[in-house]
Amino acid sequence: MMHGSSRAPRAGARTGPVLGRRSLMQGAGALAALGGLGTLAGCAGASARPSDDIAFWHLLSGPDGVTMGELLDGYMATDGAAKVTQTVLAWGAPYYTKLAMASAGGRAPDLAVMHAARVPGYAPGGLLDEWDLDLLGEFGIRQEDFPELIWDKMVVDDKLTAIALDSHPFVLYYNTEIAEAAGVLGSDGLLLPTDTPEDFRALALELGGKAPSGFGLSWGYLGDGSNQWRMFSTYYSQLGGTIELPEGGTMQYQEELVVQAIEWILSLIDGEVGNGGHDGGTAISEFATGGSGAFYGGVWETGSYKNEGLPFDITMIPGVFGEPVAYADSHSFVLPHQMSPDEERRRTVHAVVAHLLKNSIDWAAAGHIPAYSPVVEDPAYGELVPQSHYADAVDHLVYDPPAWFTGSGSDFHTYFGNDMQNVWARRTDPLDGWNAFVARIDALLQKPSPM
């Protein structure tokens, strides 16, 4: 049964020095020290900087930030390259708030990174400028170079508003030594396929029988609304569930599929298949130390598990209710709105992004799947393990439903976690938790976008 309104549903500071060899400015403490927009690098305005100095804001820290710095070092080492000056801001609401204020105030950077699922909330408010597809073509970047699902997410109101660098899906990691001992690896050394809930549960129990913790699966949810939503969205979408968020209306969804997805997730954290009380850190630790057989998480954990020397591989989360789906978001390049953009500067920004896309096999080291298909289709990518083992996820991506309050690090995820955490902990009835979440979202739908 469709729930919601009667509307019919549709189917389906200072300048941070360049990273790498340079230091990284990041975190909430750095934001507080900045003392306002006027001190940020991009906020001086394009006219106040040399035309060959490109201001670039992003939220990439840790290994991702280092990799981005190295990619930019590579660009700046090419003949005739401009200088790219990075400013790194705290992940989440602080970043998006400052980016919106800079765009609205005419003091925007030349280039910025946004999660693709956040773009629909910004573009309609005029905070982002359109990319020039013809100009991208001059640098060898074409529409057909992107998977269809990713390209569709890059276009808002028929305008090319974002250029995806990657997709980073929610996946299933598994310990290859435990899996081998449990007899659940095929002759190719990969996890045996499962296409029913019963088969998947049986496989998880086999893994748990050989795991030191006794658990076949690890999943952290306590205090992490985003991870709760990733898990729910994955299985709800597998079941064929859809969500629409019509402005001024009410949330559209299928209640029977909501309940089925919740009950299935509860069966995976029942104290037999998986621990029922993990937060993100304890779930990661359990898997990283070889305690459990498998782990639900984002691809960005790949690097840390490799550094631990863990014997592991990754697969898409099996499609036990139908076609597999991969809940995901994408790091995307955007053009923050400028009142009078300089033509040559904009051309340079297009050149920078083209270079980063063409060299994004280095970005894949962090686990992200490059959005630029020629990189994924290159034989060199096929040699990357485990990255090449889940590359097909680009054909099965599911992003957040578009609204001004959805996307990575958004209130949508926070509210879901607030109302559903007690459901996973078995202190609240599934529908009670879900209905409380829906009520919050319905209230947001009555408010105009602040963007």
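Tutor: Happy to. Let's begin with helix H13, residues 343–358: at 1.5 Å a residue its 16 residues should span 22 Å, and its end C-alpha atoms are 23 Å apart, which agrees. The expected span here is 1.5 Å times one less than the number of residues. Helices (H or I, at least four residues) and strands (E, at least two) are DSSP runs, numbered from the N terminus. Since this is a predicted model, local features need pLDDT of at least 70 and side-chain atom pairs count only at pLDDT 80 or more, while totals for chains, interfaces and linings use all residues. Residues are numbered from 1 along each chain as its sequence is written, and side-chain values use heavy atoms, with hydrogens and water left out.

How covered is H13? Of its 16 residues, 12 are buried; buried means under 20% relative accessible area, exposed over 50%, and partly exposed in between (1.4 Å probe, protein chains only). Among the buried residues are Arg-345, Arg-346, His-350 and His-355, along with Val-349, Val-352 and Val-353. At the start of H13, a side-chain oxygen of Asp-342 comes to within 3.2 Å of the backbone nitrogen of Glu-344.

Now for a helix pair. Helix H9 (residues 225–238) packs against helix H16 (residues 411–424) at an angle of about 80°, with the axes 7 Å apart. That makes H9 roughly perpendicular to H16, a label for angles of 65 to 115 degrees. The axes are lines fitted to C-alpha atoms over the stretch in contact, and angles run from 0 to 180 degrees between N-to-C directions. On the H9 side, the contact (heavy atoms within 4.5 Å) includes Trp-229 and Phe-232, and on the H16 side Phe-412, Phe-416 and Trp-424 are among the residues involved.

Next, the loops. Thr-196 sits in the loop between helix H7 (176–182) and helix H8 (197–210), and is partly exposed, with a relative accessible area of 24%. A polar atom of the Thr-196 side chain lies 3.0 Å from the backbone nitrogen of Asp-199. The C-alpha atoms of Thr-196 and Gly-319 are 7.6 Å apart, although 123 residues separate the two along the chain.

Finally, some backbone geometry to check. Most residues other than glycine have a negative phi, and most peptide bonds are trans. Asp-158 has a positive phi of about 65° and is exposed, at 76% relative accessible area. The peptide bond from Val-385 to Pro-386 is cis, with omega near 15°.

Definitions and conventions:
Polar contact = N/O pair within 3.5 Å; in protein donor to acceptor, adjacent residues only side chain to side chain. Parallel < 35°, antiparallel > 145°, perpendicular 65-115°, else oblique.
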